[in-house]
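Hi,

Here is the structure I promised to send over. Have a look at it first, and then read on for what turned up.

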Amino acid sequence: MRLVAKLVIHPEKIGDTAAFIRLCPFGALEERGGTVQVSAACKMCRLCVRKGPPGAAEYVEDTAAPAVDKSQWSGVAVYADHEEGVLHPVTFELIGKARELAAVIRQPVRVLLMGGGVSQAAHELLHYGADEVYVCDDPALRHFSIEPYAAVFEAFIAQTRPAAILVGATAVGRQLAPRVAARLKTGLTADCTVLEMNENTDLVQIRPAFGGNIMAEIVTPNHRPQMATVRYKVMNAPERSPHSSGQIVSLHVDPTRLKGGVQALEAAPKPEEKYIESADVLVVAGRGVKKEEDLAMLEELASLLGGQLACTRPMAEAGWIDARRQVGLSGRTVRPKLIITCGVSGAIQFVAGMDHAETIVAINRDEKAPIFRVAHYGLVGDLYEIVPYLLGQLRERKEAAVCANV
């Protein structure tokens, strides 16, 4: 058995309702229908119990239902994200992480693949270390639709009972994971940056919280399965083995469950775009850039290095650079070979989106800026002096290379 805490409000003992409501620093006390109620914003700090009128708020611990039997849940599962049978690279990264987690508890790695005409993709997954690939191949699943996809996911969980499930934080994954978690009444931690497994199969899910000021360790010991979403480029993908291993298992789902309220008639391909996630070199503009026109020199620097211009959140919010070029947890997660930050302080939410870059070069006037803690090379100085110097050097080398080829 386990204990669940709650607050019980006794309105007849409150007296001054307005003063009592103001006691809560989280705004969790609300007046509804002439009485005071506790909202979901409550953090159980018990300030209302200690500071309020005697007996107005009572902290109660109730005996809840028995905790989950963990022995009935085993293995680590991965949702295989794909588009028209082309696997998203985040899938391979998650399989690599799943293998690490499963090794701790000595349990298998299973992959769920659903869609229409995905048999070739299923065989490809066996080259990355999956023990079993469960495939639901049906024309009704050719285009993503939330209801049938959630139904297949639910059937997969009912059949395999995984202890933990990893889902890529893609456009599909961000919709599918919370729908499935809600159906199963289990927890879901979004945008995890670190995942660890305890020997009792509890998954430790670590992500920035409270505006990026702390790294929260989240554990759901009383529920199974445990679910987490992870962004692309956060984990390391394993090398593709020339030999396949594991087996493919057909997952059969009642055809009536593959019909949703919305039917996709066709899918139109989007025009190809250059995403900063795929760039080998990035030059990042931060608050240290004084004027929008000054971005031109950073764009030239990126161009001369064969890379792209990116930015921090303030630059995107100011409208100076497209939000799709923002690096960080509220933007894109990147892993280039080289990243040069210009006037970037290095807030934790930004760092979490780029700290896996092979080489990090930081330019900042403040020698105590947090960005220098993660940078491989730090240049303390004014970017308006350093960047023009770099541009001059690069232009000279480019001209010399052109002359040498003439």
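K97 touches L166, L195 and M235, leaving aside residues up to four places away in sequence. This lysine sits in helix α3, which covers residues 89-105. Is K97 buried or exposed? K97 counts as buried, because its relative accessibility is 13% and the cut-off for buried is under 20%. Keep in mind that this is a predicted model, so please read everything below as computed from it.

Now the chain as a whole. The protein chain has 406 residues, 44% of which count as buried. It has 10 helices and 21 strands, and its C-alpha trace spans about 85 × 60 × 45 Å along the principal axes. If you take the contacts between residues at least 6 apart in sequence, 65% of them join residues at least 24 apart.

The structure holds 1 cavity of 30 Å³ or more, and the largest cavity contains about 90 Å³ of space. It is lined by 15 residues, and those closest to its centre are L7, C24, C42, C45 and C48. What classes of residue make up that lining? The count is 13 nonpolar and 2 charged residues, with no polar ones.

A few spots in the backbone are worth a look on screen too:

- R46 has a positive phi of about 65 degrees, although it is not a glycine. You will find R46 in the loop between β3 (35-38) and α2 (47-51). R46 is partly exposed, because its relative accessible area is 35%.
- T201 also isn't a glycine, and its phi is positive, near 75 degrees. T201 lies in the loop between β12 (194-197) and β13 (203-209). With a relative accessible area of 7%, T201 is buried.
- R224 and P225 are joined by a cis peptide bond, with omega about -5 degrees. P225 belongs to the loop between β14 (214-218) and β15 (226-230).

That's what I have for now.

Cheers

Terms used: Residues are numbered from 1 along each chain as its sequence is written. This is a predicted model: local features need pLDDT of at least 70, side-chain atom pairs count only at pLDDT 80 or more; totals for chains, interfaces and linings use all residues. Side-chain values use heavy atoms; hydrogens and water are left out. On a 1 Å grid over the protein atoms alone, a cavity is a set of points where a 1.4 Å probe fits but cannot get out, and a pocket is an open set with protein on both sides within 12 Å along at least five of seven lines; lining residues have an atom within 4 Å of a point. Grid points are joined across faces, edges and corners, and a volume is the space filled by probe spheres set on the points. Ala, Val, Leu, Ile, Met, Phe, Trp, Tyr, Cys and Pro count as nonpolar, Asp, Glu, Lys and Arg as charged, and the others, Gly among them, as polar. Helices (H or I, at least four residues) and strands (E, at least two) are DSSP runs, numbered from the N terminus. Buried means under 20% relative accessible area, exposed over 50%, partly exposed in between (1.4 Å probe, protein chains only). Contact means heavy atoms within 4.5 Å.
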